[in-house]
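Here is a briefing for a reader who is new to this structure. Please look over the sequence and the model first, and then follow the topics below.

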Amino acid sequence: MHTRPLMVMHVKVGGLSNVGAVPHGTRRTAPLGGGTFEGPRLRGAILPGGSVDWQLLRSDGVLEMDLRCSLQTDDGALISLHSFGLRHGPPDVIAAIGRGEIVDPSTYYFRTTPRFETAHPSYTFLNRLIAVATGDR
């Protein structure tokens, strides 16, 4: 198996809005206030407005993340990003993350599977990728 880095994203996450208890856990949303991405083949900005992380906090303590956002490359291409992921770890580590503390990413699990869509000819390679990402807060 051959893997290589695609990009690093820095996402500005807004305050959480609790939808409340739903059949499979607690639903909440977090609007994205923009951000940046950069890698060997692309770089640009995460567009604010309409970009949201839909989260489901399950009864087993696992956080499901369903992120949808729009990316704009430095040369003007628009890319749709949809990513599903999971975050979990020891209760004290997750509590520290919740308080906004800096936590060593090796102490918890945070993985996502980004999928991309674009019509821009320079970036159609993204339409054919299965990506796996690690994350931290």
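This is a predicted model: local features need pLDDT of at least 70, side-chain atom pairs count only at pLDDT 80 or more; totals for chains, interfaces and linings use all residues.

**Helix H1**

- Helix H1 runs over residues 91–98, and within this helix Val93, Ala96 and Ile97 are buried.
- These three residues cover an arc of only 100° around the axis, which puts them on the same side of H1.
- In general, an α-helix has 3.6 residues a turn, so residues three or four places apart point the same way.
- Strand E6 is included in what covers the buried residues of H1.
- Just after H1 comes Gly100, which takes a positive phi of about 85°.

**Ser83 in strand E6**

- Strand E6 also holds Ser83, and this residue counts as buried because its relative accessibility is 4%, where the cut-off for buried is under 20%.
- The side chain of Ser83 makes a polar contact with the side chain of Thr112, at 3.4 Å.
- When neighbours within four places in sequence are left aside, Ser83 is in contact with Met65, Asp66 and Leu67, and also with Thr112, Thr113 and Pro114.

**The largest pocket**

- The largest pocket has a volume of about 1200 Å³.
- Its lining is made up of 38 residues, and those closest to the centre of the pocket are Met9, Thr112, Pro114, Ala133 and Thr134.
- The elements that give two or more residues to this lining are the strands E1 (8–13), E3 (25–38), E4 (43–57), E5 (63–73), E6 (78–88), E7 (109–117) and E8 (133–134).
- Strand E1 gives the most to the lining of the largest pocket, with 5 residues.
- Sorted by class, the lining of the largest pocket has 23 nonpolar residues, 8 polar residues and 7 charged residues.

**His24 in a loop**

- His24 has its place in the loop between strand E2 (17–22) and strand E3.
- His24 counts as exposed because its relative accessibility is 64%, where the cut-off for exposed is over 50%.
- Not counting residues up to four places away in sequence, His24 touches Leu56, Leu57 and Arg58.
- From C-alpha to C-alpha, His24 and Thr107 are 26 Å apart in space, and they are 83 residues apart in sequence.

Definitions and conventions. Residues are numbered from 1 along each chain as its sequence is written. Side-chain values use heavy atoms; hydrogens and water are left out. On a 1 Å grid over the protein atoms alone, a cavity is a set of points where a 1.4 Å probe fits but cannot get out, and a pocket is an open set with protein on both sides within 12 Å along at least five of seven lines; lining residues have an atom within 4 Å of a point. Grid points are joined across faces, edges and corners, and a volume is the space filled by probe spheres set on the points. Helices (H or I, at least four residues) and strands (E, at least two) are DSSP runs, numbered from the N terminus. Ala, Val, Leu, Ile, Met, Phe, Trp, Tyr, Cys and Pro count as nonpolar, Asp, Glu, Lys and Arg as charged, and the others, Gly among them, as polar. Buried means under 20% relative accessible area, exposed over 50%, partly exposed in between (1.4 Å probe, protein chains only). The arc is that of the directions from the helix axis to the C-beta atoms. Contact means heavy atoms within 4.5 Å. A polar contact is a pair of N or O atoms within 3.5 Å; within protein, one must be able to donate a hydrogen and the other to accept it, and residues adjacent in sequence count only if both atoms are side-chain atoms.
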